[in-house]
Amino acid sequence: MRIASTVLDLIGHTPLVRLNHVTAGLAAQVVAKVEYVNPGGSVKDRIAVRIIDAAEASGDLRPGGTIVEPTSGNTGVGLALVAQQRGYRCIFVVPDKVGEDKRAVLRAYGAEVVVTPTAVAPDDPRSYYSVSDRIVRETPGAFKPNQYANPNGPASHYASTGPEIWEATDGRLTHFVTGVGTGGTISGTGRYLKDASKGAVRVIGADPEGSVYSGGTGRPYLVEGVGEDFWPGAYDPTVVDEVEAVSDAESFAMTLRLAREEGLLVGGSSGMAVVAALRVAERLGPDDLVVVLLPDGGRGYLGKIFNDDWMASYGFGPVVQGVTVADLLA
Ligand code: PMP
C-alpha cells in the first residue's frame, strides 16, 4: 500500500512537465516544476517543515508556542499546515495587497491574520515587518520563523528541490529559472544544481520591475510573492548568474496563457518566471534544457489576474489566445 502517514509527508517530489505551446518557435526545451501540487498549494510548504523541525530541535519553539510570521500567504499556509499537525497557534501578518481569498485560506487552517498597509517603508511601525516584531515581543512563547533570514529556507531547497530537479532531468538541465522573493528557492536550489553540475548549470532569477534584485528602487508592483525593497539574508547573490526584470503586464499575460494554452492554472509569479525562462531560452539551442519553477497555483488569484475587471482597473487589457512570444518579449 502507498499511504502517507500524515499530510506533511506529501510535501515535495513535485513533477516536471514540458511547456509545449508558449514555447513555440524556440529550439531549447523548457520544462516547468509544478509546485502547486504540494499539499498547501505552493513551494513554501518545503521551507515550513524544515524551519519548524529546526526550531523544535533548537528549543526556539516549544509545546504550546505561537508561530508569528510576516508572509504573503504561501509561507503562512505551509506553516499553518505544520502548526495544525503539531498543535501550535499561528499569527500571520500580511500586506493589504494580498487577496482576501489567500487570507481566508490561512484562517481556514485555524490561523489568525493581521492585515497591514503595503505602501509604507519597512521601518515604518505600520509595516508588516514592524507589526510582526511587535506581536512577537507581546506574545509569550512566540517564535518568528523569519523566512527572510532563516538559513533553513535555502537549506530545504538544497535538500529537496535541487536534488529532485537534478534526478528528474538525469542531470541534463543547463539552466534553472525561478522568481526571487526571500531568495530561498533560488539560493538553495541554485546552489545544489551548481554543486551537482560542477558549476555548469546557469541560475537565472526572475524579478518584478521595480524590485531591488533587478536594480529597482523597491517601487510597488502587483505580482505577489516576489521582489523585495531590501536585500534579505536568505538571498545568496553568489549563486545567481543573472536577473531578468519582468513587468506586471508581461507576468499577467503569461499567467493567463499558461492556463489557456498549457492547462496550468498558476499564480502571477509563475507567469513572471516563465517570461524570464523564455527570454533565456531564446538565446539557446536544441541541446539546452531550461527548468522553470512555478511556485503556486492560480486559485488564489481568481479575483485578480483571472478577473477582467480587476485587470482593466490597472490598465491591462484582455489577453487573447495566440499572443506570440515575440509580442510579450518585445
Ligand atoms: N512566488 C510566490 C507566489 C511566493 O509566495 C514566493 C515566496 N515568497 C515566491 C514566488 C518566491 O520564493 P522565495 O521566497 O523562495 O524566493
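This is a predicted model: local features need pLDDT of at least 70, side-chain atom pairs count only at pLDDT 80 or more; totals for chains, interfaces and linings use all residues.
User: Does N146 count as buried or exposed?

Analyst: A residue is buried if 20 or more other C-beta atoms lie within 10 Å of its own. N146 has 21 C-beta neighbours inside 10 Å. Therefore N146 counts as buried.

User: H13 also has a phi value to consider; is H13 buried or exposed?

Analyst: H13 is not a glycine, yet its phi is positive at about 55°. H13 is found in the segment before β1 (16-18).

User: How many residues of strand β3 (residues 66-70) are buried?

Analyst: Strand β3 has five residues and is largely enclosed by the rest of the structure. The reason is the number of its residues that are buried, which is four of the five.

User: Which residue in β4 is the bridge partner of E69?

Analyst: β3 and strand β4 (residues 89-95) run parallel and are joined by five bridges. For E69, the bridge partner in β4 is F92.

User: Which residue in β6 is the bridge partner of I67?

Analyst: β3 is also joined to β6, by two bridges, and these strands run parallel. In β6, I67 has as its bridge partner F143.

User: Is α5 parallel or oblique to α6?

Analyst: Two packed helices are described by the angle and the distance between their axes. The axes of helix α5 (residues 152-168) and helix α6 (residues 184-196) come within 7 Å and cross at roughly 50°. That angle is the reason why α5 is described, relative to α6, as oblique.

User: Is the crossing of α5 and α6 left-handed or right-handed?

Analyst: The handedness concerns the way in which α5 passes α6. This crossing is right-handed.

User: How many charged residues does the contact of α5 with α6 have?

Analyst: Residues of α5 that meet α6 include Y158, I165 and W166, while those of α6 include R191, Y192 and L193. By class, the contact has nine nonpolar and 10 polar residues. The number of charged residues is one.

Methods. Residues are numbered from 1 along each chain as its sequence is written. Axes are lines fitted to C-alpha atoms, for helices over the stretch in contact, and angles run from 0 to 180 degrees between N-to-C directions. Angles under 35 degrees count as roughly parallel, over 145 as roughly antiparallel, 65 to 115 as roughly perpendicular and the rest as oblique. A crossing is left-handed if the near helix is turned anticlockwise from the far one by less than a right angle, and right-handed if clockwise. Two residues are in contact if their C-beta atoms, placed from the backbone, lie within 7 Å. Ala, Val, Leu, Ile, Met, Phe, Trp, Tyr, Cys and Pro count as nonpolar, Asp, Glu, Lys and Arg as charged, and the others, Gly among them, as polar. A residue is buried if 20 or more other C-beta atoms lie within 10 Å of its own, exposed if 12 or fewer, and partly exposed in between; C-beta atoms are placed from the backbone. Two strands pair if DSSP finds at least two bridges between them.
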